[in-house]
Amino acid sequence: MGKTPIQAARQELSGFQGKLTGPDDAGYDSARAVYNAMIDRRPALIASCTDATDVRSVIGFARDHQLLLAVRGGGHHGAGLGTCDDGVVLDLSPLKDISVDPRAHTVRVGGGCVWGEVDRATNAHGFATPSGIISTTGVGGITLGGGLGHLTRKYGLSIDNLLEADVVLANGESVRASADENSDLYWAIRGGGGNFGVVTSFLFRLHELSMVVAGPTFWPVELGTEVLAAYRDFLPSAPRELNGFFMYGCVPPAPPFPEAIQGRKTAAVVWCWAGGDTEAAAQAMAPLLDVLPEPLLHGPQEMPHPALQSAFDGLYPPGDQWYWRADFVDEIPDEAVALHAKFGAELPTGQSTMHLYPIDGAVHDHAPADTPWSYRRSTWASVYAGVDPDPANAELIRRWTVDYFEALHPYSAGGAYVNMMMDEGQERVRASYRDNYARLARIKAAYDPENLFRLNQNIRPAVRP
């Protein structure tokens with residue numbers, strides 16, 4: 001190319017309205033940083049886009065110069081798939097427009113928004129839409145991979161509430177994907193990740209929900225076997241309005257948690273009741289609480305939905321070391337319960353954790369082939385996350401995570417939620433899409449035949465016969 005990518009971009013992208021940042025520019029290190037500090041990559045160019053026209057320009061630049069292209073929204077992916085070495089980072093973070101239509105029960109969201117921004121905007125009108133559990137996570141990453149969180153059992157995945165999306169394709173064309181327009185692309189982006197283009201805006205269905213009854217119940221980690229076994233038997237039969245994910249983790253070392261239990265290892269359930277007042281919530285939780293010993297703390301209380309969505313933000317700020325593994329789970333036999341208890345008691349750091357997210361309820365209203373998210377008949381999505389601020393502990397948290405995953409993987413359904421996978425190879429990607437992979441590969445060949453969008457859990461274009 002003769003020039004460096006940043007030099008060439010400044011010369012060739014004369015109409016670019018956003019900001020171009022290169023390795024020699026002030027602010028480069030902050031511009032290249034992502035949520036997981038274990039990821040330390042040095043792109044040749046970071047292009048912060050203000051609109052779809054900027055996005056088209058950057059895609060064309062990367063394509064024409066045969067540069068590796070990463071697409072970054074919130075930058076939360078554990079494997080750092082929103083950045084790269086020596087290539088181009090297409091940064092969507094300036095695309096922040098949010099428009100709530102209370103009459104239509106919809107919200108249109110810019111591709112650079114994070115969920116906290118959406119939660120606050122929709123809550124102001126008395127609405128919500130399913131997302132994740134940390135409000136600083138990007139809308140695009142969560143949605144394109146599926147979208148699993150506190151409202152899953154009641155309202156489904158984020159993709160189940162995605163009505164349409166505006167997408168810039170590898171050839172620079174801007175298209176709308178919905179049930180009526182480019183329906184094959186619409187099918188593919190609802191779980192197929194960022195393989196098919198760059199989404200500059202999303203249109204979501206909203207649900208009337210302002211307040212929830214939410215919070216954790218903590219038991220001593222020594223009761224881990226008893227608590228998980230009871231939770232396993234209880235949760236699938238609970239009302240859909242009750243979401244509760246099981247976790248092993250330490251009580252956060254700060255108020256509002258009592259000082260006497262701060263830092264203590266626990267087995268816990270993090271509740272979200274989306275069905276009315278506190279009395280109804282208590283009745284829904286009672287069958288589990290009644291069969292278990294008294295907890296260290298039972299903390300559910302009424303709160304605005306955005307307060308629940310941001311509850312983990314302080315515990316997990318940007319800049320920590322993260323290492324993830326994940327699986328889908330159909331059943332949790334007693335042998336698996338015992339293994340969970342073993343590793344839960346061995347949490348290596350105060351922020352390390354294991355979560356079991358329920359994926360029954362409304363998720364099961366859709367067939368496995370309705371979207372790429374093929375594990376519609378599983379019951380939980382497990383994630384093992386080693387977390388710590390100190391780089392010196394990176395190997396410690398990685399080893400615990402891998403050991404935990406390898407011990408429990410024989411009890412899994414095979415694949416994993418792609419938003420919680422590291423870079424684990426093509427066979428793992430195939431296992432996570434199962435029978436839907438072949439269709440995804442055909443759609444990939446139609447929309448991105450050269451695999452420009454390959455920094456993701458990659459779906460390779462089908463080879464034409």
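**Exercise 1.** Which residue lies over the face of Trp-187, and at what distance from the ring centre?

*Solution.* Keep in mind that this is a predicted model. Find Trp-187 and look over its ring face: there sits Arg-439, at 3.9 Å from the ring centre. Now try Tyr-186, where Arg-190 lies over the face, at 3.9 Å from the ring centre.

**Exercise 2.** Check the span of helix H3 (residues 52–64) against what its residues should give.

*Solution.* Start with the count: H3 has 13 residues. At 1.5 Å a residue, they should span 18 Å. The end C-alpha atoms are 18 Å apart, so the two agree. Next, look at the ends. Just after H3, Gln-66 has a positive phi of about 55°.

**Exercise 3.** Work out how the rings of Tyr-384 and Tyr-404 are arranged, and what the pair ties together.

*Solution.* First, take the centres: they're 4.5 Å apart. Then take the planes: they meet at 45°, so the pair is tilted. Now place the residues: Tyr-384 is in strand S19 (residues 380–388) and Tyr-404 in helix H12, so the pair ties together parts 20 residues apart in sequence. Last, check burial, for which the cut-off is under 20% relative accessible area. Tyr-384 has 2%, so it's buried. Tyr-404, at 0% relative accessibility, counts as buried too.

Terms used. Residues are numbered from 1 along each chain as its sequence is written. This is a predicted model: local features need pLDDT of at least 70, side-chain atom pairs count only at pLDDT 80 or more; totals for chains, interfaces and linings use all residues. Side-chain values use heavy atoms; hydrogens and water are left out. Helices (H or I, at least four residues) and strands (E, at least two) are DSSP runs, numbered from the N terminus. The expected span of a helix is 1.5 Å times one less than its number of residues. Rings of Phe, Tyr and Trp (its six-membered ring) pair if their centres lie within 6.5 Å; planes under 30 degrees apart count as stacked, over 60 as edge-to-face and the rest as tilted. Buried means under 20% relative accessible area, exposed over 50%, partly exposed in between (1.4 Å probe, protein chains only). A charge sits over a ring if NZ of Lys or CZ of Arg is within 6 Å of the ring centre and within 35 degrees of the ring normal.
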